[in-house]
Amino acid sequence: MKFFIDTADLSEIREANDMGVLDGVTTNPSLMKVASERAGRPLDFHEHIFKICELVEGDVSAEVTAVEFEGIMTQARALAQIHARVVVKVPLILDGIKAINALRKEDIRVNCTLCFSPTQALVAAKAGAVYISPFLGRVDDISSDGMRLLEEVVSIYSNYSYPTEVLAASIRHPMHVVEAAIMGVHVATMPLSVIKKLLRHPLTDIGLEKFLGDWEAFQQGLAS
Ligand code: E4P
C-alpha cells in the first residue's frame, strides 16, 4: 500500500518523508489555504507545488479550480508542466470527466477527486483517470458508510481489471487505513496526525518502559 500525505504544509511533508514511508502527496485548494495561513503570506501555487515535488519521490496531486472543460484543460496543462511528478486533480463533474478523457490523450495523468458513489468511480475509470479518490470521512460525516463505498469501488474495478488506482481519501483515523489495506486499496492519503497514529500502541510503550527499567536494574546489579 502506498502512503500519501494529505497536506500542502512543507514542514509536515518533510516530517513524514523523514520517516521513510512516504510515497506521494495530495493537496487541494483548502490545504493550500491552510499552508498559506501557516506561512503567514500568500503562497504562489505553482512555485509551492514545485517545492513539494522536489521534496518527495512520488506523485504530487495538484488540483484545478476551473469547472468548465476549456478552463480545466488550460489549468491542467499548466500544472502538468510544473514537474514530472505532478498528477492533476480534476473534480468528478461532467466537464471534469470530458477533460480526463482529453488529458489522457495528452499523457497528462489525472487524480479524479470528490468521488462519493460507485457509479462516479466507474465513469472516472472509463474516462481514464490514473487515480480515483473516494472520500471516506466525508461520507461517514453524513451518516453513510465510507468503507462500503470503498469496497464497492474496489470490487467493480477488479471485475473489469480497470488500471485506475484506488486512492482512499478523507481518511480520519487508523481504522480507515486498516480496512482499506485489508481490501487491497492501492493508496491511502492521510494527514500527518494519522500517519503518526499508525505506529502507536500502548503495549509497545508499556513494554519498552519495562525493558528499560529492567535493563537499568540489571546494570546496577552488575556494578554492585
Ligand atoms: C484528498 O485528496 C483530499 O485532499 C482529502 O483527503 C480530503 O479530506 P477531508 O475530507 O479531510 O478534507
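How many nonpolar, polar and charged residues does the shell around the ligand have? By class, there are two nonpolar, three polar and four charged residues. Here Ala, Val, Leu, Ile, Met, Phe, Trp, Tyr, Cys and Pro count as nonpolar, Asp, Glu, Lys and Arg as charged, and the others, Gly among them, as polar.

The model is predicted: local features need pLDDT of at least 70, side-chain atom pairs count only at pLDDT 80 or more, and totals for chains, interfaces and linings use all residues. Residues are numbered from 1 along each chain as its sequence is written, and side-chain values use heavy atoms, with hydrogens and water left out.

Start with the ligand. Around the ligand are Asp6, Thr26, Asn28, Lys89, Phe135, Arg138, Ala169, Ser170 and Arg172.

The side chain of Asn28 has an N or O atom 2.7 Å from a ligand oxygen. A polar side-chain atom of Lys89 is 2.7 Å from an oxygen atom of the ligand. For the side chain of Arg138, the distance from an N or O atom to a ligand oxygen is 2.7 Å. On its own, the ligand has 340 Å² of accessible area, and the protein covers 85% of it. This area comes from the Shrake-Rupley method with a 1.4 Å probe; for residues, only the protein chains shown count as cover.

Where does the ligand sit? Its place is the largest pocket. Sitting there means that more than half of its atoms lie within 2 Å of the pocket's grid points. A pocket is an open set of points on a 1 Å grid over the protein atoms alone, with protein on both sides within 12 Å along at least five of seven lines; a cavity is a set where a 1.4 Å probe fits but cannot get out, and lining residues have an atom within 4 Å of a point.

The largest pocket has a volume of about 280 Å³. Its lining has 18 residues, and the closest to its centre are Asp6, Asn28, Leu31, Arg138 and Ser170.

Note on methods. Near = heavy atom within 4 Å. Polar contact = N/O pair within 3.5 Å; in protein donor to acceptor, adjacent residues only side chain to side chain. Points joined across faces, edges and corners; volume = space filled by probe spheres on them.
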